[in-house]
Amino acid sequence: MAPQAPWQVIAQRKQAERQSRIPEEWLLSNLPSPSTLNVLSIPRTSSILTSQELSITENYDATSLAETLRAGKLTAVEVTIAFCKRAAIAQQLCNCLTEIFFTKAIERAKYLDQEYIRTGKTIGPLHGVPVSLKDTFKVKGYDTSIGIASLAENPARENALLVDILLEQGAVLYCKTNIPQTLAALDSDNNVFGRVLNPRNRMVTAGGSSGGEGALIAMRGSILGVGTDIGGSIRVPAMCNGLYGIKPSNQRVPYVGQEDGTIPGTSSLSLIASAGPIATSIRDCELFLRTVSSTRPWERDPNVAYGFWEEQGSISKKPLIGIIRTDGIVSPLPPIQKILDETVDALEKSGINVVEINNSAFQKCQSIINGFFAGTDGGKSMFALLDRTGEPLINWLNGRMKKKSPISVSKLVELHARRIAVATEMLNVWKDPKTGRQIDAIICPVAPHPVPPIDRWNSVNYTSSFVLMDYPAGSLPIRDFTEADLKGDLPDATPLNGWDKVNRELWDEKTIDRKVYLNTMLSIQLVCPKLQERRLYLSMKIIDDVFRNGKTLGQAVL
């Protein structure tokens, strides 16, 4: 037998370490068969969680949990143990965790409870609230391997700034979540920890690159997590797992102390990632963003722009919502067209005006994005990390990611010039050409298809364009995909291009069984102008109120 490659040995050690950090009494007695697709109910039937722990993990969002902790109706220890248990179950079912620090989290919760007893006060708005983190965030004493073997077994010496801020505001940190190798895929799979599975339907993707966060929160092993997004990596997992996710503008939330596998400073030359929340309610996204802004992060991270929460935009008393139905590159499939139609219809019936937008700038984004995604250094840094341990690319990246020559300075200048030109043109979408009214937010698809089978996500232009523009953008779940949504024909016209052809294969009954989409959710994306995160939240809340609570415009709280 041939000796194992260094990366394989490291992967075995890391997986064994992760398994050892789950207490034996939290292990499932029997794992479901691969044919069991929806595993959301298993925590309830496992007998691992008590009735109180089931209530804690199922009946609260982060906002209501924080209120309950503040009132002294639950202790931080009770809450932390409940979520640690449920996260352990989620890991066994969905492979969503990388680093586990349950023991440290419970110690932290005990400290918070002691301080509450001593002072009668909570430590910050997140006092006792468990918060999960994408693996990219450095947490002192734990690896930040991002699923690459050569970065493993090298614990961080200090916390990322956002980690410190969350701790200062009372949060309990207890785990980090799984990602794709290189962070450059929209399905979360790597050679160190393996693939994340979607708990709603384990045949479809959990998304990426914050896929572990999406799966964990869908399992309610977390109710508030932090992801990052450079091409859709918050919004895509949110869509795939039926959650709320917001990608802020890149100057809004501290990003220092991240591991992305590149040389420090490289990212400033290309598209710039953002950190933001994934949650079970839209108000939890507000809780996260409001809390972070209240700490004056611009005084600690030079890349963060000034702006308290109340200064981050507002919407009109009579909102005007725009809708962009297609990017002009990949046409949305029938279920996506249908959910857009339903959204417009529901908004108009509730008294909210909607205006159709046709904007050519959207179509120009993809070629610029492709230029940036080629990698400033041609992938040199990432391939060097892989070569250290002989680690191969995962199947999806093999053939897609190749070593290239670094981008020249003249090419970078050209890409940035094109980006500025398109961003300038895009500014025109924020005024209704007929009335001159401000458009408060824009609705568009998160993707041109429903949640697809594993490794079949197609086209990132619907999400990455708003990284190029640096617009805050959010994913908003609307409803379950139903049997009625399986209907709808493809157009007879020739596909627009290769991307459009592949997209049609996700609906053509000759190339896919449409029933794979059952047990998924249909979502929409909302977008607002740069650094207008509160404006985005308010717009998302109005639409969420219409669908969740049946509110009309007059009943919505702006």
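Predicted model: local features only at pLDDT ≥ 70, side-chain atom pairs only at ≥ 80, totals over all residues.

Student: Okay. How many salt bridges are there?

Tutor: The count comes to 37 salt bridges.

Student: Pick one. What does K14 pair with in a salt bridge?

Tutor: K14 pairs with E99, at 2.8 Å from N to O. That pair links distant parts of the chain: K14 is in helix α1 (residues 6-20), E99 is in strand β1, and they are 85 residues apart.

Student: Is K14 buried or exposed?

Tutor: Buried, because the relative accessible area of K14 is 2%.

Student: And E99, buried or exposed?

Tutor: E99 counts as buried because its relative accessibility is 1%. The cut-off for buried is under 20%.

Student: Why would two such side chains pair up at all?

Tutor: In general, side chains of opposite charge can pair when their charged atoms come close.

Student: What else does the side chain of K14 touch?

Tutor: The side chain of D143, through a polar contact of 2.9 Å.

Student: Where does D143 sit?

Tutor: D143 is in the loop between β2 (130-134) and α7 (161-168). D143 is buried, given a relative accessible area of 4%. Its side chain also reaches the backbone nitrogen of N154, at 2.9 Å.

Student: Which residues do salt bridges with shared partners join into one network?

Tutor: K14, E17, R21, E99 and D143.

Student: What about E299? Which residue does E299 bridge to?

Tutor: R296, with the closest N and O atoms 2.8 Å apart. E299 counts as exposed, at 54% relative accessibility. R296 counts as partly exposed, at 35%.

Student: Switching to the surface. Which residues form the negative patch?

Tutor: D489, D492, E509 and D513 form a negative surface patch. Take D489 as one of them. D489 is in the loop between β10 (473-480) and α16 (498-504). D489 counts as exposed because its relative accessibility is 70%.

Student: On to the backbone. Which peptide bond is cis?

Tutor: The one from G208 to S209, with omega near 5°. S209 is in the loop between β3 (172-177) and α8 (211-218).

Student: What is the phi of N95?

Tutor: Phi of N95 is near 55°, a positive value in a residue other than glycine.

Student: Where is N95?

Tutor: N95 is in the loop between α5 (76-94) and β1 (97-100). N95 is buried, with a relative accessible area of 15%.

Student: And what is the phi of D455?

Tutor: D455 has a positive phi of about 65°, although it is not a glycine. D455 lies in the loop between β9 (441-444) and α15 (461-468). At 25% relative accessibility, D455 counts as partly exposed.

Student: V451 next. Where is V451 found?

Tutor: V451 is found in the loop between β9 and α15. D455 lies in that loop too. V451 is buried, with a relative accessible area of 0%.

Student: How far is the C-alpha of V451 from that of M521?

Tutor: The two C-alpha atoms are separated by 7.5 Å. Along the chain, V451 and M521 are 70 residues apart.

Student: Last one. Where is S274, and is S274 buried or exposed?

Tutor: S274 is in strand β6 (residues 274-279). S274 counts as buried because its relative accessibility is 2%. A polar atom of the S274 side chain lies 3.4 Å from the backbone nitrogen of N250.

Student: Thanks, that's what I needed.

Key: Residues numbered from 1 in each chain as written. Heavy atoms only, no water. Patch = residues over 30% accessible without salt bridge, like charges linked within 9 Å, V, L, I, M, F, W, Y side chains within 5 Å. Areas by Shrake-Rupley, 256 points an atom, 1.4 Å probe, with all protein chains shown as cover. Salt bridge = Lys/Arg side-chain N within 4 Å of Asp/Glu carboxyl O. Lys, Arg positive; Asp, Glu negative; His and termini not counted. Charge placed at Lys NZ, Arg CZ, Asp CG, Glu CD. Helix = DSSP H or I, 4+ residues; strand = E, 2+ residues; numbered from the N terminus. Buried < 20%, exposed > 50% of the residue type's maximum accessible area, 1.4 Å probe, protein only. Polar contact = N/O pair within 3.5 Å; in protein donor to acceptor, adjacent residues only side chain to side chain.
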